[in-house]
Amino acid sequence: MNTDARKLFDLTGKVALVTGGGAGIGRAICEGLSQFGASVAVVDLDESLAKETSSHIADAGGKSLVVRCDVTKIEDVRSAVKQCADKLGPIDVLVNNAGTLKRAPAEDMTDDAWDLIMSVNLRGPFLFCREIGKAMIERGKGGRIINVASIAALVGLETGNVNYSASKGGMIAMTRCLAIEWAKHNILVNAIAPTHTRTPFLERVLKAKPENLQYFLNNIPLGRLGEASDFIGPAVFLASDASAFVTGHTLVVDGGHTAK
């Protein structure tokens, strides 16, 4: 083997755009990609959170850009892509992490709750895939797209997630289709499927329903919630040359949840 394996994960000179980069898994991925050499556009609806992530990156010696964006609005998406390309350079890596949750039993699910989740969790990632995918094709140098899905797309849940599960299932299906369509352009499209992970979002869920914690833990053989830092390695792997022959794959990062 002539490849220097130590360089497989090197992202020096790469430009990454991460949606939902202001907190939780998105923040961890932003900081991780930066530590491996990438310049990172931190995209979030909450600009103040994005600035916090950017500050952490700067403190560690990295380069980043803060972009406020509503992922459901094509004008915002196009503006975010343009800002990133203009200020950091052409985008090599897209991480679709932005998402939201609005729980209810299926029989009580409102039309608005269904439409909101589909708009943020599925339409938004598609818009970014389409806009950045077109730019990657025109550039002719390939690229990486990582869609942050969920184990909710792979197993049934009892916590009022029918809309969320459907949106994440759609994301995995979209990942497979794009991987096939864009393989000829060397654009690798993969997904990461987290289990229940300790993020500010989940903390709010558990504050409202503390009894859910034991339910979550009962489904995770490793016996703990995921931590945002658990997703740095998988994201860097899928963003780097280490995954050069991996596309259309869903990498579950779930403490054994889907193995049960």
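Q: Let's start with pockets. What volume does the largest pocket have?
A: About 1,100 Å³, in this predicted model.

Q: Which residues lie nearest its centre?
A: Asn97, Ala98, Gly99, Thr100 and Phe201. The lining of the largest pocket counts 41 residues.

Q: Which elements give two or more residues to that lining?
A: Helices H1 (24-35), H4 (111-139), H5 (162-182) and H6 (200-208), plus strand S2 (39-44).

Q: Which one gives the most?
A: H6, with 5 residues.

Q: How does the lining of the largest pocket split by class?
A: 22 nonpolar, 13 polar and 6 charged residues.

Q: And the second largest pocket, what volume there?
A: About 250 Å³. It is lined by 18 residues. Closest to the centre are Lys14, Lys141, Arg144, Ala239 and Asp241.

Q: What classes line the second largest pocket?
A: 9 charged, 5 polar and 4 nonpolar residues.

Q: Switching to salt bridges. How many does the structure hold?
A: 12 salt bridges.

Q: Take Arg27. Which side chain does it meet in a salt bridge?
A: That of Glu52, at 3.1 Å from N to O. Arg27 sits in helix H1 and Glu52 in helix H2 (residues 47-59). The two are 25 residues apart, so the pair links distant parts of the chain.

Q: Is Arg27 buried or exposed?
A: Buried, because its relative accessibility is 16% and the cut-off for buried is under 20%. Glu52 is partly exposed, at 38%.

Q: What about Asp92, which residue does it form a salt bridge with?
A: Arg139, with the closest N and O atoms 2.8 Å apart.

Q: Which parts does that pair tie together?
A: Asp92 is in the loop between helix H3 (74-87) and strand S4 (93-96), while Arg139 is in helix H4. These parts are 47 residues apart in sequence.

Q: And how accessible are Asp92 and Arg139?
A: Asp92 has a relative accessible area of 10%, so it counts as buried. Arg139 is at 34%, which means partly exposed.

Q: Which residue does Arg198 pair with?
A: Glu203, through a salt bridge of 3.5 Å from N to O. Arg198 is partly exposed, with a relative accessible area of 38%. Glu203 is partly exposed too, at 35%.

Q: Which residues are linked in a network of salt bridges?
A: Arg78, Arg130, Glu131 and Lys134.

Q: New topic: strand S5. How many of its residues are buried?
A: 6 of the 6, across residues 143-148. So S5 is largely enclosed by the rest of the structure.

Q: Which residues sit on each face?
A: Gly143, Ile145 and Asn147 on one side. Arg144, Ile146 and Val148 are on the other. Both faces are covered.

Q: How many bridges join S4 to S5?
A: 4 bridges, and the strands run parallel. Val93 has Arg144 of S5 as its bridge partner.

Q: How many join S5 to S6?
A: 6 bridges, with S5 and strand S6 (residues 187-194) also parallel. Ile146 has Asn190 of S6 as its bridge partner.

Q: Which helices complete the β-α-β units, and are those right-handed or left-handed?
A: H4 sits with S4 and S5 in a right-handed β-α-β unit.

Methods:
Residues numbered from 1 in each chain as written. Predicted model: local features only at pLDDT ≥ 70, side-chain atom pairs only at ≥ 80, totals over all residues. Heavy atoms only, no water. 1 Å grid on protein atoms, 1.4 Å probe; cavity = no way out; pocket = protein on both sides within 12 Å on 5 of 7 lines; lining within 4 Å. Points joined across faces, edges and corners; volume = space filled by probe spheres on them. Nonpolar A, V, L, I, M, F, W, Y, C, P; charged D, E, K, R; others polar. Salt bridge = Lys/Arg side-chain N within 4 Å of Asp/Glu carboxyl O. Buried < 20%, exposed > 50% of the residue type's maximum accessible area, 1.4 Å probe, protein only. Pairing = 2+ DSSP bridges. Right-handed = clockwise from strand over helix to strand, strands pointing away.
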